[in-house]
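Me: Could you walk me through this structure, one question at a time? I have the sequence and the coordinates open beside me.

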Amino acid sequence: MRGDARRLASLRLEEWARGDSYLHRRDARAKIAGLLIFLVAVSTTPPSSPGAYLPVVLVFAAGLAISGLPLPQVAARAAVILPFPLLFGFVSWLESGNATFAAALIVRSYVSALAVVLLMGVTPLPELLHGFRGLGAPALLVMVLQSIVRYLQLVVDHGLRMRRAAACRDAGGLPARNRPSLWRRSSGALAVLFGRSYERAEGVHRAMVARGFRGDFLAPRPSRFQWQDGVFVAGCTLAAVGARLCMRVLS
Amino acid sequence: MHIPDGILSVPVWAALNVAAAPGIGLAVRRAKKGLSEGQAPLLGVMGAFVFAAQCMNFPVGFGTSGHLLGGALLAMTLGPGAAVIILTAILILQALLFQDGGLLALGANAVNMALIGVWAGWIPYRMLSQGPLRTVGIFAGGFLSVLASAAAAILELRLSGVPMSSAVVGVSSLVFLATATIEGLITVAVLQAVERLNPGWLRQPRGTPGRAAGLLVTAAILIVAAGVLYASALPDGFESLAHQLGIASRERTIWNAPLPDYEAPFFVAEWSKKAVAGLAGLGLIYGICMTVGRLLIRQRSA
Amino acid sequence: MSLPVVDVRGLQYRYPDGAYALRGVDFQLAAGESVALFGANGSGKTTFLLHLAGLLRGEGDLRIGGLPLNDETLPDIRRIVGYVFQDSDDQLFMPTVLEDVAFGPLHQGVDGVEATRRARETTAALGISHLENRAPYHLSAGEKKRAAIAGVLVMTPDVLVFDEPTTFLDPPGQGDLARLLQELPQAKLIATHDVSFARRVAQRAIFFAGGRIAGDGPVEEIADRFHWRLD
């Protein structure tokens with residue numbers, strides 16, 4: 001089940017996010033802004049050649065060095081996005097015969113993904129969601145994000161237990177003509193999981209109401225945006241602009 | 001299909017971010033109206049359910065398996081407003097935690113899967129679920145939610161100037177058709193099983209639109225989605241548009257590789273214009289989100 | 001004797017399908033008193049407890065801390081009654097323990113800084129300061145229960161209501177919980193199947209059967225009278 005691999009993947013992020021570097025200490029809003037500026041710089045660089053992205057790669061490398069995260073694992077995490085740009089790079093190489101452009105497309109995607117992994121590696125998810133709230137995302141959306149994070153593993157575990165229970169009662173594989181029953185069982189299991197989730201939501205709602213919830217979700221006001229965070233955003237902007245300048249010089 | 005960053009051209013991802021913000025804002029308003037006294041946790045826990053359901057495989061035959069995507073199922077159970085919010089939240093988490101889809105491309109993915117996917121799944125159910133064609137409506141909902149999302153994604157890639165021949169689009173279309181069919185079948189099976197457990201968990205649309213109208217609208221969505229896919233497969237389908245939106249500047253840099261010195265100032269101006277435009281776009285998107293949010297809050301408290 | 005902090009008279013509740021869940025319950029709980037609630041599954045224990053926090057509304061007279069239960073008093077009553085749910089995962093819905101504990105004060109209108117301060121104070125009092133920034137999913141069952149209790153205590157309730165608090169806890173965890181409950185000065189109403197646990201945390205017990213209180217007396221006596229034992 002994909003859930004297992006995913007669980008490990010997100011555990012690693014949580015572990016990283018507990019670190020204490022200059023990047024870890026920055027306000028989540030500043031880091032989100034910094035990431036977006038970086039991504040815009042990458043995205044506005046035309047994919048003329050893979051080398052054009054060297055300056056932004058250097059900016060990323062500096063960030064990674066400051067964060068103290070392990071390069072091989074960050075690189076491996078970001079590599080999960082590769083199939084999509086590889087496919088499109090390959091297709092566009094076949095179509096246009098332009099390998100440089102294809103390679104540049106892949107590099108551009110990969111660098112963007114690396115930057116996202118870096119952000120996630122230096123910011124605990126709860127803080128990041130607070131940051132979204134601070135930047136004006138709708139309260140309901142942020143709350144939905146929080147509860148998905150909170151209940152995802154619980155629901156996945158429930159699904160796994162149901163699957164195990166079904167496997168225990170299943171003596172050997174079913175013959176092919178019984179496939180409809182296999183299908184019915186899968187959909188039945190999902191329906192039960194749906195129902196359990198629905199009931200869980202009712203229980204959660206009751207617990208919220210018991211503690212004074214009246215339909216509007218309140219969150220503590222985010223911590224003060226410090227001058228160091230402002231400096232950080234300014235630094236990110238300068239680095240992005242500098243990188244863009246270098247790209248021009250390089251080509 | 002989650003589009004990562006770095007594939008879409010700047011005008012395409014920027015425009016779709018601008019388009020996604022009010023769509024999601026409206027959904028928030030709709031969902032708040034539809035849920036009694038803030039059953040907000042329902043949205044979160046059901047989001048976790050869809051996330052988990054996407055991990056559970058269904059046997060499809062030929063030794064392969066598919067899984068539920070869930071947009072249509074959520075619309076049919078919690079209503080389209082709630083479904084849009086849940087799917088948006090899932091897309092955000094997938095982008096952040098699993099690098100499924102990019103951040104700048106979030107608007108594109110949200111438009112494709114959360115907005116188009118949910119509404120294309122909801123409308124056939126809304127219009128057909130009360131008569132004898134109920135099962136057809138459910139299947140069409142699941143089927144069209146996937147097909148319409150995929151068509152939108154292909155269109156965006158084409159507009160970004162990603163070169164794709166008719167053969168490539170044709171093969172992808174076949175894959176999309178198969179995925180859409182599986183989604184339709186799973187949606188029917190799961191929704192019927194959920195209904196057996198508790199009919200109260202389903203949205204029962206009020207009022208009965210005519211069956212003919214329902215079939216017509218469903219067919220219209222199908223034709224639009226199929227039409228977009230077909231047009232994308234044509235060699236000159238979007239070339240001129242793509243030229244303007246995405247590939248134009250790229251071509252220049254590709255084929256004039258070693259830059260003559262005298263062109264450098266022009267390029268500095270060009271890229272700085274782009275960077276400024278990109279940042280201004282971000283600011284604009286942010287401004288629109290805030291304004292729409294404020295307006296919604298004001299309307300709600302009024 | 002002072003006024004009972006919980007005073008229930010003639011409480012009736014019917015399910016939407018018309019079946020009776022509670023058929024006339026009379027019950028008083030004095031300040032600082034601990035009462036165990038026995039009864040078979042489906043005898044109406046949880047339904048009764050939900051009424052005390054105003055989560056269900058039946059017919060009859062219900063006073064909490066002297067206040068009659070109605071829409072106006074509901075916010076006050078929910079502060080006076082701290083409800084600890086059976087499944088801690090229902091109760092710990094925020095991303096981190098500290099945010100979860102701060103949820104109650106925040107939704108009572110306390111500002112963010114003060115809510116966080118109170119939350120820290122409460123987690124420290126319960127010895128779970130080290131869990132403040134942890135996600136509830138990674139806690140043990142005992143830690144979750146403590147965090148859930150912290151989320152309730154932070155609202156300075158006068159009555160604590162526990163629905164099957166020992167579910168999911170191992171024997172040392174149950175012992176821990178019993179010691180914690182003995183230390184808490186509030187009036188307590190504890191629904192449980194575990195007589196030995198009840199004996200440690202309560203003096204008095206009531207027995208629910210068919211939506212009524214069928215017996216009221218010392219824990220051992222009630223357990224004996226209703227054969228509420230393993231053998």
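What follows is a set of questions and answers about this predicted model.

Me: Happy to start with chain C. What is the strand order of its open sheet of six strands?
Reply: The pairing in this sheet is mixed. Its edge strands are β6(C) and β10(C), residues 212–218, each pairing on one side only. Reading across the sheet, the order is β6-β7-β8-β3-β9-β10.

Me: How are neighbouring strands of that sheet turned against each other on average?
Reply: The direction of the strands is ignored for this value.

Me: Which residue in β7(C) is the bridge partner of G82(C)?
Reply: Strand β6(C), residues 81–84, pairs with β7(C), residues 159–163, in the parallel sense over four bridges. In that pairing, G82(C) has as its partner L160(C).

Me: Which residues of β6(C) point the other way from V81(C) and Y83(C)?
Reply: In a regular strand, side chains alternate between the two faces of the sheet. In β6(C), V81(C) and Y83(C) share one direction, and these residues and the ones facing the other way are all buried. The ones pointing the other way are G82(C) and V84(C).

Me: Which helix of chain C packs on this sheet by touching β6 and β7?
Reply: The direction of this helix makes about 165 degrees with that of β6(C). The helix covers residues 141–153 and is α6(C).

Me: And which residue of β9(C) is the bridge partner of V35(C)?
Reply: Strand β3(C), residues 34–39, and strand β9(C), residues 204–209, pair in the parallel sense over five bridges. Within β9(C), the partner of V35(C) is R204(C).

Me: Chain C also has an open sheet of four strands; which strands stand at its edges?
Reply: The order of this sheet is β2-β1-β4-β5, with antiparallel pairing. Two of these strands have a single partner strand each, so one side of each is left without a neighbour in the sheet. They are β2(C), residues 20–29, and β5(C), residues 67–68.

Me: Which residue in β5(C) stands opposite I64(C)?
Reply: Strand β4(C), residues 59–64, runs antiparallel to β5(C), and two bridges join them. Opposite I64(C) stands L67(C).

Me: On to chain A. Are α6(A) and α7(A) roughly parallel or roughly antiparallel?
Reply: The axes of α6(A), residues 83–96, and α7(A), residues 99–122, come within 8 Å and cross at roughly 165 degrees. Angles over 145 degrees count as roughly antiparallel. The crossing is right-handed. The angle therefore makes the two helices roughly antiparallel.

Me: How many charged residues does the contact of α6(A) with α7(A) have?
Reply: From α6(A), the contact residues include F88(A), F90(A) and W93(A), while α7(A) gives F101(A), L105(A) and I106(A), among others. By class, there are 11 nonpolar and four polar residues, and the number of charged ones is no residues.

Me: Which element gives the largest share of the side of chain A that touches chain C?
Reply: The contact takes 22 residues from chain A and 28 residues from chain C. On the chain A side, 12 are nonpolar, five polar and five charged. Elements giving two or more residues are α8(A), α9(A) and α10(A). The largest share, eight residues, comes from α10(A).

Me: Last one: what percentage of chain B counts as buried?
Reply: Chain B has 10 helices and two strands. Along the sequence, the pattern is α-α-β-β-α-α-α-α-α-α-α-α. Of its 302 residues, the buried part is 52%.

Notes: Residues are numbered from 1 along each chain as its sequence is written. Chains are lettered from A and ligands numbered from 1 in the order in which they are written. This is a predicted model: local features need pLDDT of at least 70, side-chain atom pairs count only at pLDDT 80 or more; totals for chains, interfaces and linings use all residues. Two residues are in contact if their C-beta atoms, placed from the backbone, lie within 7 Å. Ala, Val, Leu, Ile, Met, Phe, Trp, Tyr, Cys and Pro count as nonpolar, Asp, Glu, Lys and Arg as charged, and the others, Gly among them, as polar. A residue is buried if 20 or more other C-beta atoms lie within 10 Å of its own, exposed if 12 or fewer, and partly exposed in between; C-beta atoms are placed from the backbone. Two strands pair if DSSP finds at least two bridges between them. Axes are lines fitted to C-alpha atoms, for helices over the stretch in contact, and angles run from 0 to 180 degrees between N-to-C directions. Angles under 35 degrees count as roughly parallel, over 145 as roughly antiparallel, 65 to 115 as roughly perpendicular and the rest as oblique. A crossing is left-handed if the near helix is turned anticlockwise from the far one by less than a right angle, and right-handed if clockwise.
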